[in-house]
Amino acid sequence: MRDICVVGGINMDLVVQVPHIPRPGETVHGGEVARFPGGKGANQAVAARHLGASVAMVGQVGADAFGNELITTLEAVGVESSGVRRVADRATGVALISVASDGQNAIVVAPGANMTWDEAAVVDVEGAVSGCRILVLNLEVPPAVIARAVRAGKRGGARVILNPAPHRAGDESIFAEVDFFVPNQVEAALFAGEEPAAVADWGETGRRLRRLGPRTVIVTLADEGAVIVDDGGPHRVPSFPVSVVDTTAAGDAFVGGLAVALLRDAPVRDAVRFANACGALAVTRVGAQPSLPARGEVERLID
């Protein structure tokens, strides 16, 4: 069994560069379409593997060319893929991503096999996450999968990181079993019952999220770093100044970096600083998994 298990989405990303994100009803002309392996789960698994951890991926793809390519990509970087099922009657998930000239993006996901787990597959998640030290999850798979994985992970003594993305209702019953709840600004506000644009104090938002049950809340704030909220109250950890090319997978790089730092018993503030560096480096390159940094790059940025 690997040190880190990741349960989550596996997608093929189809990316096009655009002058700006289209407004409702607007058509814009973009550049050539590029194809990159993606999905929040796969990105987080590859991020952790690039940083030197042993990692197992648990998820689903279709029995199609995209699915075969995505499994091959995971295996090529050393991620254990025996927990990835091929689903015969569903297509592999696809993300349609527009990236603007300032690096911001707009994403539409067709989840396909990510969201069509049968009962046997849900049950098998328990064995797939057994024995891991860190369990990482996101919300690109059904609530039943998340709940079973979290409870199995806790029984085995794993520390649980939940990246509650994309935002949805239906997973709240397991929040009290989560050690690290890691939303971005939009997800944090929505789970706290707030309007994202109206939030003035992310520390207070984090306190509201802790009332849902997680032990530690870490809200990622893009180029402003992250805020940790735990028993000691809120603490801001700044990011690193970089030139932004593409923000796709920055959050996944952060989560992967956080998992690896915690695996190595870093204090939480140090772990978040390391994760911030991972996220900062990811925005300097195009694509999801191609942008994920190696450990040496992260250490040089921190130093």
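Lysine 154 has a relative accessibility of 26% in this predicted model and therefore counts as partly exposed, falling between the 20% limit for buried and the 50% limit for exposed residues. The residue belongs to helix α4, which spans residues 143-155. Beyond its neighbours within four places in sequence, lysine 154 is in contact with Val160, Glu177 and Asp179. Its C-alpha atom lies 9.8 Å from that of isoleucine 134, a residue 20 positions away in sequence.

The protein as a whole contains nine helices and 13 strands. Its radius of gyration is 18 Å, close to the 19 Å given by the globule rule for 303 residues, so the protein is as compact as a globular protein of that length. Along the principal axes, the C-alpha atoms fill a box of roughly 50 × 45 × 40 Å. Of contacts between residues at least 6 apart in sequence, 67% join residues at least 24 apart. The accessible surface is about 12,400 Å², and carbon and sulfur atoms account for 51% of this area. The side chains include 27 positive and 35 negative groups, and the centres of the two sets are 5 Å apart.

Buried residues make up 51% of the 303 in the protein. In soluble globular proteins, nonpolar side chains tend to be buried together. The largest nonpolar core here comprises 51 residues, and Ile4, Ile161, Ile218 and Leu258 touch the most other members. Elements that each supply at least two residues of this core include β1 (4-7), β8 (134-138), α7 (250-263) and α8 (268-282). A separate second core consists of 39 residues, among them Trp117, Ala149, Val150 and Val178. The contacts of isoleucine 161, leaving aside neighbours within four places in sequence, include Ile134, Leu135, Val136 and Leu137, as well as Phe180, Val255 and Leu258.

Most residues other than glycine have a negative phi, and most peptide bonds are trans. The bond joining alanine 165 and proline 166 is cis, with omega at about -5 degrees. Proline 166 lies in the loop between β9 (159-163) and β10 (180-181). Alanine 249 has a positive phi, near 75 degrees, and is placed in the loop between β13 (233-237) and α7. Aspartate 265 also has a positive phi, of about 65 degrees, and is found in the loop between α7 and α8. Alanine 249 counts as buried because its relative accessibility is 10%, whereas aspartate 265, at 61%, counts as exposed.

Key: Residues are numbered from 1 along each chain as its sequence is written. This is a predicted model: local features need pLDDT of at least 70, side-chain atom pairs count only at pLDDT 80 or more; totals for chains, interfaces and linings use all residues. Side-chain values use heavy atoms; hydrogens and water are left out. Helices (H or I, at least four residues) and strands (E, at least two) are DSSP runs, numbered from the N terminus. The radius of gyration is taken over C-alpha atoms; the globule rule is 2.2 Å times the number of residues to the power 0.38. Buried means under 20% relative accessible area, exposed over 50%, partly exposed in between (1.4 Å probe, protein chains only). Contact means heavy atoms within 4.5 Å. Accessible areas come from the Shrake-Rupley method with a 1.4 Å probe; for residues, only the protein chains shown count as cover. Lys and Arg count as positive and Asp and Glu as negative; His and the chain ends are not counted. The place of a charge is taken as NZ of Lys, CZ of Arg, CG of Asp or CD of Glu. A nonpolar core is a set of buried Ala, Val, Leu, Ile, Met, Phe, Trp, Tyr and Cys residues joined through side-chain atoms within 4.5 Å.
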